[in-house]
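Here is a short tour of one structure for your next look at the screen. Keep the sequence and the model side by side as you read.

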Amino acid sequence: MTRALILVGGFGTRLRPLTLSCPKPLVEFAGKPMIVHQIEACKEVGVTEVVLAINYQPELMLSFVEEYQKKLGIKITISKEDEPMGTAGPLAIARSHLQDGKGSPFFVFNSDVTCEYPLKEMLAFHNKTKAEATLLVTKVEDPTKYGVVVFDEKTGAVERFVEKPQVFVGDKINAGIYVLSPSVLDRIPMKPTSIEKEVFPLIAAEKKLSAMILPGFWMDIGQPKDFLIGLGLYLKSLRKRKAEMLTDGVEYVGNVLVDPSASVSPGCKIGPDVSIGANCIIEEGVRLEKCSIFSGCTVRKHACITNSLVGWKSQIGAWARVDGSSVLGEDVQVKGELVLNGAIVLPHKEVKESIFTGKIVL
């Protein structure tokens, strides 16, 4: 196994205003760009080249590649679409990067999925079942909202897919991570194509598609509320797997991740489910709960931030309160003693008055 492709794709509209500053895969999740979590998981199982399939802001992705190839010690290649090609078309474009000449299978990821990435187990399962394609599936509470994968849980053999079933056919859905044999590439035309709706059903009909149940948590973090749920699940998983990465102490409650370069003053109450990015300054008496503070932010004395995302280099004034799934873009300045409830604030804006019911600040 030497290759992997990450579907970077779309415009990230559901995570605006954060994605007005960078493509969605570069949005900071638990202290580093979303996509870095997947690239690190790939490196751990011996992947030597990761292909990023992109169609948006290529110049920002190129600067990311230059920086992180060195940091992570893995080859990162850009494959650019001139038009949106769906979830399968990008594989046709990147075909030459995905074939190693030995018939080795390769990984494919949707970029906004977080989990524990059981790639080693997934590859072993793929080889054991001798499938042409293997997808990870995850259990959901309400299958009527999703496309359900109907499969034999003993053998992994996928029978069919049912979109938003109104009668119970199963509770496992596609988790957006695949192992594919190179022969799958022969099934994908050079045009916009859906791997879920056009390619996988054909493979399933030939009884060559298998599904492996994902152990542990899973979340699509492509919108703010799910981003925060995903952060909580990720930190809970980190507590079990790498507890030493979390910050404990008198100021901290539950699972909290603080970058070593961040400064947190005494008298704060931080947590649970909080991530504080690089070079942040958190002054005395600050209360943070279920939130993500991106790198370079300053939170002044006694401010309170809950259930919200605060974009890079923003400044929250003293005694201000940010709550209600607020999302602040890059470099937002919030004056002291204000209340922001459900506010969406675009980059480089100054907020001078309170917002009590959800509002977009343009």
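The notes below cover a helix pair, some aromatic rings and one threonine in a loop.

This is a predicted model, in which local features need pLDDT of at least 70, side-chain atom pairs count only at pLDDT 80 or more, and totals for chains, interfaces and linings use all residues. Residues are numbered from 1 along each chain as its sequence is written, and side-chain values use heavy atoms, with hydrogens and water left out.

**Helix pair H1 and H2**

- Helices are DSSP runs of H or I with at least four residues, strands are runs of E with at least two, and both are numbered from the N terminus.
- Helix H1 spans residues 34-44 and helix H2 spans residues 58-72; they pack at an angle of about 40° with axes 12 Å apart. The axes are lines fitted to C-alpha atoms over the stretch in contact, and angles run from 0 to 180 degrees between N-to-C directions.
- On the H1 side, Ile35, Val36, Ile39, Glu40 and Lys43 meet Phe64, Tyr68 and Leu72 of H2, where contact means heavy atoms within 4.5 Å.
- The residues of this contact divide into 6 nonpolar, no polar and 2 charged; Ala, Val, Leu, Ile, Met, Phe, Trp, Tyr, Cys and Pro count as nonpolar, Asp, Glu, Lys and Arg as charged, and the others, Gly among them, as polar.

**Aromatic rings**

- Rings of Phe, Tyr and Trp (its six-membered ring) pair if their centres lie within 6.5 Å; planes under 30 degrees apart count as stacked, over 60 as edge-to-face and the rest as tilted.
- By this rule the count comes to 8 aromatic pairs.
- Phe64 and Tyr68 are stacked, because their ring centres are 4.7 Å apart and their planes are at 25°.
- These two residues, Phe64 and Tyr68, are both buried (under 20% relative accessible area with a 1.4 Å probe, protein chains only; exposed is over 50%, partly exposed in between).
- Tyr178 and Phe200 form an edge-to-face pair, at 4.9 Å centre to centre and 80° between the planes.
- Tyr178 lies in strand S11 (residues 172-180) and Phe200 in helix H6 (residues 195-205), so this pair ties together parts that are 22 residues apart in sequence.
- One aromatic cluster is formed by Phe29, Phe227, Tyr234, Phe294 and Trp312.

**A threonine in a loop**

- Thr19 lies in the loop between strand S1 (3-9) and strand S2 (28-29).
- Thr19 counts as buried because its relative accessibility is 0%.
- A polar atom of the Thr19 side chain lies 3.4 Å from the backbone nitrogen of Arg16.

Definitions and conventions. Polar contact = N/O pair within 3.5 Å; in protein donor to acceptor, adjacent residues only side chain to side chain.
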